[in-house]
Structures are given as structure tokens and as C-alpha cells.
Amino acid sequence: MQSSCWPCEHNGICVNTPGSFACNCSQGFTGPRCETNVNECESHPCQNDGSCLDDPGTFRCVCMPGFTGTQCEIDINECENNPCLNGGVCRDLINGFKCTCSIGFTGSRCQINIDDCMSQPCRNGGICHDSIAGYTCECPPGYTGLSCETNINDCQSSPCHRGICIDGDNSFTCQCHPGYTGYLCQTQINECESNPCQYGGHCEDLVDGYRCRCSPGTSGINCEVNVNECHSNPCRNGATCIDGINRYTCQCVPGFTGLYCETNINECASEPCANGGVCMDLVNAFRCECPRGYYDARCLSDVDECASNPCLNGGRCEDGVNQFICHCPPGYGGKRCDINIDECGSNPCQHGGICRDGLNSYSCQCMPGYTGTNCEINIDDCINNPCRNGGSCIDLVNGYKCVCRVAYTGQNCELKMDPCQPNHCHNGAKCTPSSNYLDFSCTCTIGYTGRLCNEDINECALSSPCRNGATCRNVPGSYQCLCAKGYEGRDCTVNTDDCASFPCQNGGTCLDGIGDYTCLCVDGFEGKHCEVDINECLSSPCQNGATCTQYVNSYTCTCPLGFSGMNCQTNDEDCTESSCMNGGTCIDGINSYSCSCRPGFTGANCQYKINKCDSQPCKNGATCHDDQGNDYSCHCSYGYTSKQCTDYVDWCSQNPCENGATCVQRENVFQCLCATGWTGKLCDVEMVSCSDAAIRKGVKIKALCNNGTCEDIGNSHRCHCHTGYTGSYCQKDINECESGPCQNGGICKDLVGAYQCICAKGFQGQNCELNIDDCKPNPCQNGGTCHDLVNNFSCSCPPGTLGIICEINHDDCEPGACHNNGTCVDKVGGFECRCPPGFVGSRCEGDINECLSNPCSNPGTLDCVQLINDYHCNCKPGHMGRHCEIKVDFCAQSPCQNGGVCSTRQNGHHCVCLDGFYGQNCEFSGHDCDSNPCLNGICVIADGGGYRCECPLGTAGVNCETDTLDECQSNPCKNGARCENKLGDFECLCPPKYPGKMCERYDPSYRGWYSEHSNAIGSFANDLK
């Protein structure tokens, strides 16, 4: 039977038992009367260094930063909210996290985009735009490339039409060929714009020149020479001749007139002398011889007989001496102007002209051939140049006469006398008229003779013209040589140019032989025609698994990581002095290294000192502290002791239980079994109320629980301690440092209800558990790897760098590091070659074959020749242009002079010259053989004009200028004489006593023959004697 009685504390349920009672205690309490608060913290339920706070019937854990859960068993995942930005990978730490950033980002949360433009990589004024783990360069016009390092070749498109392109920065200039102008040399200069042709000459524009077509009467390059028509002194009577263009005028002296000033003007024609005076005509004047009684210049002095106005018909009266004179108006005459004058009376019409009288006038009806007022002008019937073909015109009356040049006749020289029409000369002979064009002569073609060139010459019997074993066959008018193999030409004197078809490819040089040829290939090519690009990779020059790429006369090796050298033969030394720390030994590998660490150290770089605590020597939940030496210490959990916390603390031996309580120990904890009337962990609390307990202890009730407050519980009391205090009466300051929370040598400072760790240098965190990362930011330069130490760091430097922070980069750019004028750029532990255009490879050793893209594909192309960063198209004869795309018109510039007719050939032009001119362009006058063009042999006029040289044995060429036979090869010189080869001959330098062409005779008095380079003195003089 259960009764409600109150002996049980802390809400314990009292159960009546026979003669006594029993208490069913609430959770968290124990004891006969439920007076004892069970300390749930004694089992150290809080994990991960959490602090346990005992509550009635339960406990509460105050977790260290970074942990949570009822027992601090949960490591808070700081990565759960994805704090790492920009693709960074989050690694959870204790009360923190660490972000491993993607390439291109940095910062504690990878929030900072690394500015790849910081190093100013863009060259030539390019604008850098930062991106993620890279950059882009906005290049100024004219540049391209990742870093704007390449100047764009503005000449690539061949913009200059007629000129040479000179590349600039985003520009080009055209250096024009003569005769062209304009930005692209697209405009042919009009040399006629300056009007160079004088005196009305017509200008014809040419390329880089002009030609003047002169008007009649002028000549010269610019028609500047005016033919002086006054040279024959045509003007008479002292007149001045004024030369004009194809004409002249006569400026007559006063008193003369006419075209040639041949007519003396008659000043007496107007009868100026009055009163019977006789007029005497003078030059440009007259003189009056007056009758007696009259005087003055016109015999007019007289009495005024005019007072009576005797003159009729408006005549003006002039008084004379004892008379008057009437000056009649035009058309009247007579003493008193009463007579109509007959102007024909003076017979003014010359050269048989008929005069017709009028009033104060007359008119002349001229005879044929004359004109003018008085028929005084002989009409120039030559004015229209009726005489043709250069004939001279002589003017006649009402006609003309032509004096014709040789070979022309007829009234107007229009008929040509040609005794060669029809041609009486046979076999294509040239007919030449005689000087008077009344006869002709025949100039026979080679192979014919006779008056009419009708007789065939047998050249084979006459001169044996065929050489070098050829067979001669006579044909009408000529002969034919059937040449042996390897020879050609009219007389088989010419070694056939087997190189004429340009058989050698890829820039090979052709050496002509007899009936064959040999190609001397440029480096990198082989084969009969140099058509095979030698594959330098066939010999497997690249070692250690490298990839070989073949180029022209070169190859490149793409080395696997860890190897270098031209042939990847060198295993790169990955070890540096700083690779292994703490005295570790570096062992080089392939693109890697490993460290053999001294005892006590570990890590890829031996950067870590082995932590003795890693082997978990401390047992039973003890905390291990590495002593930074060769030992460790264990901070034991509650109730444990010994070095490794393997032994229990003997609590009961210390008599912790008071007031007669019995101490009972179970493993690492003890329990006090209190005597009646006492409770508490150590049985030091008397089971009375707070007030009674204060009275018995002689303190005020507020001071009963020293650092807490007292609460009555049933028939007992309990102290609720302030934070940081413990004990039955809160009399004990909890030493939070007792658990040794401060790690890594940190000094623990106990506070009230808390503690503070004063960390050693290099550590931080609440418990000094965090080693400050001295590698943030990375102090190691040039790609060095930073190893964080305690309050310090160490750099493992990559090969090629030195210094504490790898700040010294050894210059790997030794002379000759980059081939083919490549620019060496020093890198960390190596170098990089920036190759000029046309070359590739780690050391610019590979020459790119630009012909592989088949750029020379036009029909006019003969061969493609690979150059440095370029190619050249060898054109077939008659073609030109970058890609042989232009078919050349060799006659476009009119190369044939002096009336020569131009015809186009495959490899140039041919001029058919007029008679009397010769030369390649008909530039020489005379006959072709006049200048003795043949250096050896005989000059013969060739068919169809020109000449050919009949060369002696041993010579060849257009002018027999080539020595084709070494006459010394047969050793013709006797008695030890030295033979010198000559053009078509040989000469023996005879020793003393042996004269003769071949030193074959013996003459004791002969002093020998020496060359002009020998040391003999006077030998020439002796021979001359």
C-alpha cells in the first residue's frame, strides 16, 4: 500500500513498507531518501573536449567550437553551406574549413579571381582582359597572337599591283616599279601629262616613258627641234625671214611687198607730183621733179586759182602756180574731175590678167595659176604635198613637178620601181635591187649558190660540219646532222641541256651531263629529282618515348613530362637543394622526385615531424600531447593515471567521503555511501533545510552556498552553483585548465567558468589547436611549394631556382639555346623558344615545309621551292607572278627597235629586223656579222635574218664562247710537258730542249716554254727572238 508521506526528497515517491518505507527516486537522484543528486558527468559523457554541466537528473554538454550534439559527438560540417565559391572544393576542419580553389581563383573562399593581367602579358600596346585562369589580349590593329606578339604581315595578300610591298605596323607601303604610282602602284604614270612634246607633237604614253609623234617640220625626242625653213634664204631685197612650224614668213623692209618681198612698191602710182612734175620712184619714197615756176615736194606752190571752185564731182581744189589742181574723189579724174577714171588704164593686172574697170576700182580676172588683187601671186600648187613617198615638190605656174626619191616614180611619186617583183631568186634567196633600181642581185640562203641561187651546195662534202660522231646528210640547200645521244644543235656541237626541263624539284640544282643530268639536292631532300623529303624521324632519334615530328632537314621531339633535350635524352633533374626538408635525401624520378626521410620525419618532403601521438599511446580517452621532442605526455581522463593512463586512480585511499560515509570504487569512479542524515557526493551535506544548514555552519543563509544559491529539497537542501564553481556548497573554483585543453604548448589560464589559452607562436584557435598557415599567401616564388611549419615556413624550390623563397631564377638561356634565330625566354627550371615564322619545335629546330600545302598549283608552275617562312614558285618559261599565274606577253613593251617585228616565244621574244639592222632587239645597224660576234669560228648570215656561228671542234655556244672539250684529256704533250687547255685547242708548256706543238722534237738550244705564271725569266723574249 502506497501512502503519501514526505520522507523522499526530490520528488521521490514514498512506498510504505512493513516497519519502514522506501523511496522510488526521480531520474537523477538516488539514496535511501533520494537525497543524492546523481552526477551524470562522472562518466564524462561529453566527447571532443566538451565541458559537462550536471543538471538534476541529466547533464548538459558545452561543446568546443566546431562540435555539436547532446554529447558533442557531431563534428559540425562547415562545408555544408558550400562556402567555397567558383567551383572550389571544401575540406571540413575542426571549427573551420579549407577551400582548395579551382585554377584561376584564390582567397579563403576562392572568391578572388586571380588577375592574370597583373604581369602585363599583352605586348605591343594590347589591352589585357582578365578571365578565369587566363586572359585575352585585345590587340591593336596590325598585331595578333595570344599576347599580340605577332606583327600581321600586311603584305601577305600581295596588295601592290606593280611594286614591292614593305610591311609596317598595321600598314604597308608600296615601292612602285618605274612608271607606276598610286597607293597600290595601280596607276600607270602618264608621262604625257606634262605635255613634253613641243610644237604640237602628239604624245604616246609608255610604261616609265613616252614617245613623241612630231608634226611636219619638227624633230627630236620632245619634237623640240624646229626645222629652219629660212635656211635657204628665201626672202629677197633685205627682208628678214621669220621661221615658223613647217613654214616661214618674210618681214619686208619698207618699200617692198610680196610673199618673198620681191616687189618694189611704186609710190608714183598715185601721181603725187602736180603741175606737170615728173615723179621718180624711190625705195619706200618718191621724188617730184617740178616744171619751172613750181616747187615743194609735190610742185604745188602757186596762186590760189581755186577761188572759183573749178573742181567738179566733189573734187578738192589745190592751188598751184598759175593754175589749180583738182584732187578728185576716187573714181574721177581730169583737170576738173570731170572724167570717170579708167583704173584699168595703168594695166594693173599682172601675168596676163584681164582688167575690168569699175567706179574707183577695178578687178582682175587672173590667168590659171595666179591669184591676188593684181594677179601678182603664183598659187603654190605644192601646198597640199602632192608628192608621195618622200618626193620633193617644185611649184610651177598652175602646176607642180615632183622630184622622186630612188625607187619611186610617177607624177606624184606614187609608183615604186621594184625589179624584184616578181622575185627571180630561187630557194628563198633574198632579192636586192640595184642602186638605180634597174637591176637586182640575189643573196642566197645557206646551201645555195649561182646567179639566181638555183645551185645546191653539198655541205657534207665541202666542210664536214657535223661534230661529236654525228652523221651528215645533205639536203636541198643545207645539211642535216643526225646527232649522237647527248648532243644537239645544227652541227651537234651543243651538249643537250638535259636540265632544260628543270627536272630537279624542291630547289635542287641540276648538273647537265652527256645525255643525262644529276640533281644536287638541298639539305633535307633526296631522290633522282630531289622529290623525296627525307624523313629524319625514320632513325628514331627521339628517346624515352618522345614523339618525333618530321620537318625539312630537321625534326622535333615532343618530350614526355620529365625529359628534355633535342632528343629528349635528358631526364630532368627534379631534385633541388630545398626539395627534401629536415635532412631528407632526394631521389630523382621521371618528372618527380621522392624523399628518403631521416628517422622522426615524414611527409612527401619530410616536412612533418612524426607525432608520437599518432600511435595513440594514451588510453582510456586520455589526451596526448606531443612534446616536440622524442616523447609525449598523456593528460588522463577522470579516474585514470600512469604514463599512458592505463591505471585507475585509487580514490578511496584519499578518504574523500566525509561524516562516516563508506567509499566504494568501481573502475575509475568512486561513490560515497552516506550515513543516515547525510547526502551529497562526498556525504558532506546534512539533510536539513537551507536555513538550518546555515545556522549550523554559522553563516548567513545567502553565504551558505559560497558561489551559488541554496534550494530546499524535501527535508534537505541543495546548492545551485554559479558557472565555474562546484562542490556541495559551491566552494570550489572549477579549474577548467585541469583537463589540459590547450594544445601545442599553449599555456592555459583558468577563469571563472571558463579558461583562456595563451598560444605559442605559430598557433591559434580556442585551444591553440590550429597551426597558423604561414603559407598563406604563398611566399614561395617561381612555383615553389610552401611547407607550413610552426611559426615559419619552408620552400621546396623547383629546378632552376634558388633562395629561401625561390626568388633566384637561374637564367637557362645559354648561347645557342634556340636555333634558327629563335628568341630565348627564361622560364623556371628551363627556357622557352619563341620561334621566328617558319620554324617550330622546343628549340625552333624544325623548318616548316611551306610547299606541303601545294601553293604552287597553277599550270604555269614548274616547281615549288621551300624557303624560310615562305615559298617560291619556279615558273615555266613564259609565266610569271607569285604563283606563276600571269602569262607573259614579251612583246607588250615593243622591245624590237628600228622597225623590227616582235613575235612571242615560250621563253622570251624574237625580233625580225629590217635589212641593215641586227641584234637581239635590232638595236645595231649594219649587218649581223659586221661586229664579228663569233669569238671563234666563222660568222654566217642565218636563215630569216640574224647570224649563226660555225664553231670549230671543241667549242660551242651562240658565239662559240664555250669550251666543250678538254683537249688535254688525251695527254697530247710529250716529254713531261704540262698541258694547258685552251678554247678549242691546247698548249704544251715544254721543258728545255723539247720544242714543238706537243714538245715532241729535241733541240739542245731550246730553253723551254713556261706559262706567264711561272718563275722563268726571259722565256717570252727568247721565244719572240
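Q: Which hand does the link of C737 and C748 have?
A: Left-handed, with -80 degrees about the S-S bond. Keep in mind that this is a predicted model. The sulfur atoms of C737 and C748 are 1.9 Å apart.

Q: And where do C737 and C748 lie?
A: C737 lies in the loop between strand 74 (732-733) and strand 75 (747-751), and C748 in strand 75, so the pair ties together parts that are 11 residues apart in sequence.

Q: Is C737 buried or exposed?
A: C737 counts as buried, because its relative accessibility is 15% and the cut-off for buried is under 20%. C748 is partly exposed at 24%.

Q: How many disulfides are there in the structure?
A: It holds 72. Another one joins C499 and C510, with the sulfur atoms 1.8 Å apart. The S-S torsion there is about -80 degrees, so that disulfide is left-handed.

Q: What about C404 and C413, how far apart are their sulfur atoms?
A: 2.0 Å. C404 is partly exposed at 26%, while C413 is buried at 0%.

Q: OK, changing topic. What's the mean pLDDT of the protein chain?
A: 83, and 95% of the residues reach 70 or more.

Q: Which element has the lowest mean pLDDT?
A: Helix 4 (residues 1019-1024), with a mean of 34. Over residues 1011-1025 pLDDT stays under 50.

Terms used. Residues are numbered from 1 along each chain as its sequence is written. This is a predicted model: local features need pLDDT of at least 70, side-chain atom pairs count only at pLDDT 80 or more; totals for chains, interfaces and linings use all residues. Side-chain values use heavy atoms; hydrogens and water are left out. pLDDT is the predictor's confidence in each residue, from 0 to 100. Helices (H or I, at least four residues) and strands (E, at least two) are DSSP runs, numbered from the N terminus. Contact means heavy atoms within 4.5 Å. A disulfide is a pair of cysteine sulfur atoms within 2.5 Å. Buried means under 20% relative accessible area, exposed over 50%, partly exposed in between (1.4 Å probe, protein chains only).
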